[in-house]
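Reader: Hi! Could you walk me through this one? I'd like to start with the charged pairs.

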Amino acid sequence: MTSDNDRRRGLLARLRGRPAARSRGRRRLGAAFRLIAALTLAGGAYTVFAPGVQAQENPPLTGAAAEGRVLFDVSCVTCHGRNAQGVEGRGPSLIGVGSASVEFQVGSGRMPMARQEAQAMRKPPVFTDEQVRQLGQYIQELGGGPQVPQGNLREGANLATGGELFRINCSQCHAFGGGGGALSSGKYAPSLNPASDAQIYAAMLSGPQNMPVFGDNQITPEQKADIIAYIQETLKADQDQGGFNLGRYGPSTEGLAIFLVGIVALVFASLWIAGKS
């Protein structure tokens with residue numbers, strides 16, 4: 001008798017559990033259906049709006065930049081890669097360097113390089129000024145970065161302030177006369193004599209080779225104008241306020257001059273005094 005009652009209770013329990021199990025199954029099926037519907041809706045939205053997003057991320061180039069891209073694909077893509085992303089072992093990425101770097105490197109003939117060296121040497125430029133501007137505009141629109149201002153870069157400059165700033169920030173490498181000097185590992189600070197106003201300004205903004213970057217936070221645009229004016233109007237004009245410049249080679253020639261002139265003069269003075277006594 002007890003066994004029959006137990007069987008009845010078990011049967012009743014199973015019958016009561018079936019609706020609950022069916023309810024759970026329906027809930028799971030409904031959740032799966034809603035997930036599939038949501039994924040389908042998201043995929044459809046992406047298909048509709050993705051072309052517009054891509055167009056915003058890659059806006060069309062201006063006329064000058066489009067011309068610059070043609071020049072880049074012919075002369076620069078081998079080392080700097082498609083879209084200036086860089087090629088390992090050949091050339092760095094140009095994203096973010098701005099037109100200032102192009103103004104200096106390409107405008108001074110340092111780029112394109114024939115081979116990798118310790119430092120890019122100044123050579124006769126391969127591109128015209130207009131082509132340099134186009135290349136710079138392409139790199140600028142591709143990734144942004146520092147730009148050389150348009151117009152007169154020395155307007156309102158103060159030569160005295162420029163000389164002080166040059167001696168503090170530039171003379172350690174370029175020497176007091178702007179003739180340049182040797183650095184480590186086969187590198188050197190180049191002479192400033194052939195550099196134009198725009199190239200000097202671009203070098204301060206981009207920091208080529210071993211040169212540090214002098215952004216507007218370190219040296220303001222007005223101070224940059226002072227430095228450029230001092231280099232162009234004082235150093236290049238041979239206006240040596242202290243007199244004879246001894247070739248502008250720095251303390252080495254000064255020490256040699258002191259030894260040859262000063263010591264010899266002292267020796268002759270000693271001999272003259274000895275002869276009179």
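Author: Happy to. This is a predicted model. Asp-197 and Arg-154 form a salt bridge, with their closest N and O atoms 2.7 Å apart. The pair links distant parts of the chain: Asp-197 is in helix H8 (residues 197-206), while Arg-154 is in the loop between H5 and helix H6 (159-169), 43 residues apart.

Reader: Nice. Is Asp-197 buried or exposed?

Author: Asp-197 counts as buried, at 16% relative accessibility. Arg-154 is partly exposed, at 26%.

Reader: Switching topic, how much space lies in the largest pocket?

Author: About 680 Å³. Of its 30 lining residues, His-80, Pro-92, Leu-94, Gln-105 and Met-111 are the closest to the centre. Helices H2, H3, H4 and H5 each give two or more residues to the lining.

Reader: How do the lining residues divide into nonpolar, polar and charged?

Author: There are 17 nonpolar, eleven polar and two charged ones.

Reader: Last one: what's the nonpolar patch on the surface?

Author: That patch has about 990 Å² of accessible area together, and its members include Phe-259, Leu-260 and Phe-268. Phe-259 sits in helix H10 (residues 251-276) and is exposed, with a relative accessible area of 51%.

Note on methods. Residues are numbered from 1 along each chain as its sequence is written. This is a predicted model: local features need pLDDT of at least 70, side-chain atom pairs count only at pLDDT 80 or more; totals for chains, interfaces and linings use all residues. Side-chain values use heavy atoms; hydrogens and water are left out. Patches are made of residues with over 30% relative accessible area and no salt bridge: like charges are joined within 9 Å, nonpolar side chains (Val, Leu, Ile, Met, Phe, Trp, Tyr) within 5 Å. Accessible areas come from the Shrake-Rupley method with a 1.4 Å probe; for residues, only the protein chains shown count as cover. A salt bridge is a side-chain nitrogen of Lys or Arg within 4 Å of a carboxyl oxygen of Asp or Glu. Helices (H or I, at least four residues) and strands (E, at least two) are DSSP runs, numbered from the N terminus. Buried means under 20% relative accessible area, exposed over 50%, partly exposed in between (1.4 Å probe, protein chains only). On a 1 Å grid over the protein atoms alone, a cavity is a set of points where a 1.4 Å probe fits but cannot get out, and a pocket is an open set with protein on both sides within 12 Å along at least five of seven lines; lining residues have an atom within 4 Å of a point. Grid points are joined across faces, edges and corners, and a volume is the space filled by probe spheres set on the points. Ala, Val, Leu, Ile, Met, Phe, Trp, Tyr, Cys and Pro count as nonpolar, Asp, Glu, Lys and Arg as charged, and the others, Gly among them, as polar.
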